[in-house]
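Try each task before reading its solution.

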Amino acid sequence: MNEQKTLVLTPALIGGAIAGVLSGIPIVSCMCCLWIIGGAILATYLLSKTTSAPLTSSDGAIIGVFTGIVAAVVKTILDVILTPLNREIYQRLMERFAEYMQEMPPGFEDMFSESSFETTVPKILFELLISGIIFSALGALGGIIGISLFKKKPPQPPQGAPNVPENTGNRQS
Amino acid sequence: MKTKSRVRLVYFLTLAGTLLWLGLIFLAPYLKSRDSGLNIFAYLIFAPICHQIPARSFFLFGHPLAVCGRCLGIYFGFLGGMGLYAFRRRFSVTTLPRIRTFILATSPLVLDGMGNFFHLWSTPHWIRFLTGFLWGLILPFYFITGVSDFFINRDREKAERSKNIS
């Protein structure tokens, strides 16, 4: 059981860390949810390389959820660290866009309000909770997509082997 | 029979979640138009997964929606895919779509996204919405299949464990 957990956790940590970092870096983070899905796909790929057993879509969902949680934690930490840098970047953007202020749609200036860059503990915890839930769902989706891309075909019986009738037993639908 | 009931449960829970999600997207600008402080939370919920740039978003009640045009397309596509899923799969099939289906549905989104990101072109809102919608259409076929598979496997393991005990 512990070995199974390690098999799942390591790829999830790697995929989640990469997805979290990319989601937290300014400019690059505009790809948003696709990084989380991509991270989960990566985690599934790594898992498929470490185990010889065929993986199911259920395995993809589980590893995807873990990847999403890791990504949420990493992104939140990165957001706290990079908030001063983000503030500076957006202020410079604001100065550039001010030349075109009359052409910009209403509500534009609210995007750069000071409150957007506050790092209070309740705000951080709220963002972590929301990110955790949303990234878990996105991660599950990415993990399932990854399984469809990287799943191994079940081993074929060797040619010439006698056909042994399958014991169907009781099947539940 | 149990498979079908599990798939149906996952399907309807996902449908309820999708409708709630879309509702929140449209609720945000409404709350802002009413000067309600709750609009901050509404926009904050979508902040981790969308850049929310007003120039890339549709507007309602004079304020941008909580997500950009592409994300809105993905979520509406997901809703459309839910309808397609019920029609095509009828809650009984638990196999994932083919890789080429995924590539076909994803390519327009990736191409358009890359083109805009590297400033090769700038697409209008409706094309972003459309590329997102196309991709969103296939996502329920993965999500519902995978999550249902998780619960079906869990039920199977429980049944096997109780069989071994007895």
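Two residues are in contact if their C-beta atoms, placed from the backbone, lie within 7 Å. This is a predicted model: local features need pLDDT of at least 70, side-chain atom pairs count only at pLDDT 80 or more, and totals for chains, interfaces and linings use all residues. Residues are numbered from 1 along each chain as its sequence is written, while chains are lettered from A and ligands numbered from 1 in written order.

**Exercise 1.** Find which residues of α1(B) meet α3(B).

Solution. Start in α1(B): Tyr11(B), Thr14(B), Leu15(B), Thr18(B), Trp21(B), Leu22(B) and Ile25(B) make the contact. Their partners in α3(B) are Leu72(B), Tyr75(B), Phe78(B), Leu79(B), Met82(B) and Ala86(B). Now sort by class: 11 residues are nonpolar, two polar and none charged.

**Exercise 2.** Work out how the axes of α1 (residues 2–33) and α3 (residues 69–89) of chain B are arranged.

Solution. The axes come within 10 Å. They cross at roughly 155°. The two helices are therefore roughly antiparallel (angles over 145 degrees).

**Exercise 3.** Describe the side of chain A that touches chain B.

Solution. Count first: 30 residues of chain A are in contact with 28 of chain B. Next, the elements: α3 (57–97) and α4 (121–150) of chain A each give two or more residues. The largest share, 12 residues, comes from α4(A). Last, the classes: 19 nonpolar, nine polar and two charged. Here Ala, Val, Leu, Ile, Met, Phe, Trp, Tyr, Cys and Pro count as nonpolar, Asp, Glu, Lys and Arg as charged, and the others, Gly among them, as polar.

Key:
Axes fitted to C-alpha atoms, helices over the stretch in contact; angles between N-to-C directions. Helix = DSSP H or I, 4+ residues; strand = E, 2+ residues; numbered from the N terminus. Parallel < 35°, antiparallel > 145°, perpendicular 65-115°, else oblique.
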